[in-house]
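Please work through each task before reading its solution.

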Amino acid sequence: MNAHNSFTERFGIQPIIQAPMAGVSTPQLAAAVSNAGGLGALGIGASSVAQAQQLIRETRLLTNAPFNVNVFCHAPAQRDAIKEHAWLHHLDELFVELGAKAPTQIDEIYTSFIEDEAMFNMLLNERPAVVSFHFGLPSSEKLSALKQAGIYTIATATNLQEAQSIELAGIDTIVAQGIEAGGHRGMFNPALIDELLSTSELVRLLVQQTQLPVIAAGGIMDGLGIKAALDLGAVAAQLGTAFILCPESAANASYRENLKSERASFTKLTSVLSGRPARGIINRFITHGESIEAPTPAAYPVAYDAAKQLNAIANKLDNHQFAAQWAGQGAPFAREMPAERLIRILIDELYVS
């Protein structure tokens, strides 16, 4: 492991980072992780500006420690009426199962940080200790302004080319996201070939080929996994699925039950839920969307609108077969306990093992 770690020393933390997990992370979870010696995180990519500001301020009421705020930098959706109609037609069978009809229109439900000036200005005003980027990078002007405000920056890479772009942009640290990771792949361009690199392969590659600190992400669930990442040259490990069963997360009862069941062993990387590759627990929606006759899903995040509408109908019927229950390949190792206790156990495992 690194005897000298400028990243952890800068923030006064253990080499443990909670993944942002938009929709699952909460101020309570982020604060608990930060208070226990890790780096907590908020995922605001699916939030309005007002919601995001409230999340940041609520977290600050719960901790004086630094935490990360994550935004989505995806390319705005290329709308295609023919593709969207075909996708809705394919999903109509699922809506009918639930006694409903597929919507005739779906929308781009998330605004990319690339275009969201109001979100950018809010972050400049709030000045969280860390801002991280997923799916790409903002403009050099925005990056410069954030850095001038004293904000530390992190961005996700799934391959060497993305990591090199991150380094050239002047980002402070890279998250190396392996194929084992739950949730959305941080790919800049999903249309390009995905090398499907494992966390260990990607960490080794980026440590050797870039000058930036590297954070390992994907399939890491315990202290042994953290130690392995540090031994490969990472400065820290980012864990997401490991925190979902914490009572501070926003995961609902069905999500928690599935994560504690044998279903946690069956995850799939798929674009059918949102329009972008993401790993989640296999369910009826994924099986139907991945069927041989299925057309290409609508673009991200337009496809996500259809999935969310379907899931909302299903929830009213107490049917949870259509939810996006993101989980990594390490899901069977998830432990149910408060975040503060989990951090203590991870630290013990890291240094005793």
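**Exercise 1.** Determine which residue forms a salt bridge with E97, and state what parts the pair ties together.

*Solution.* Step 1: a salt bridge requires a side-chain nitrogen of Lys or Arg within 4 Å of a carboxyl oxygen of Asp or Glu. E97 meets this criterion with R284, the closest N and O atoms being 2.3 Å apart. Step 2: E97 belongs to helix α4 (residues 81-97) and R284 to helix α11 (residues 284-289), so the pair ties together parts that are 187 residues apart in sequence. Helices here are DSSP runs (H or I, at least four residues), as strands are (E, at least two), numbered from the N terminus. Step 3: burial is classed by relative accessible area, with buried under 20%, exposed over 50% and partly exposed in between (1.4 Å probe, protein chains only). E97 is partly exposed at 42%, and R284 is partly exposed at 25%.

The model is predicted: local features need pLDDT of at least 70, side-chain atom pairs count only at pLDDT 80 or more, and totals for chains, interfaces and linings use all residues. Residues are numbered from 1 along each chain as its sequence is written, and side-chain values use heavy atoms, with hydrogens and water left out.

**Exercise 2.** Locate R57 and E126, and classify each as buried, partly exposed or exposed.

*Solution.* Step 1: the structure holds 12 salt bridges, and one of them links R57 to E126 with the closest N and O atoms 2.7 Å apart. Step 2: R57 lies in helix α3 (residues 49-62) and E126 in helix α5 (residues 117-126), so this bridge ties together parts 69 residues apart in sequence. Step 3: R57 is partly exposed at 45% relative accessibility, whereas E126 is buried at 10%.

**Exercise 3.** Classify the salt-bridge partners D194 and R185 as buried or exposed, then identify the network that includes R60.

*Solution.* Step 1: the side chains of D194 and R185 meet at 2.7 Å, N to O. Step 2: D194 is buried at 19% relative accessibility, and R185 is buried at 2%. Step 3: salt bridges that share partners join R57, R60 and E126 into one network.

**Exercise 4.** Identify the buried residues of helix α9 and what covers them.

*Solution.* Step 1: in α9 (residues 223-231), the buried residues are G223, I226, A229 and L230. Step 2: seen down the axis of α9, these residues fall within an arc of 120 degrees (taken from the directions from the helix axis to the C-beta atoms), so they line one face of the helix. Step 3: the cover, judged by contact (heavy atoms within 4.5 Å), includes β1 (16-18), α8 (199-209), β8 (214-217), β9 (236-239) and α13 (339-352). Step 4: just after α9, G233 takes a positive phi of about 110 degrees.
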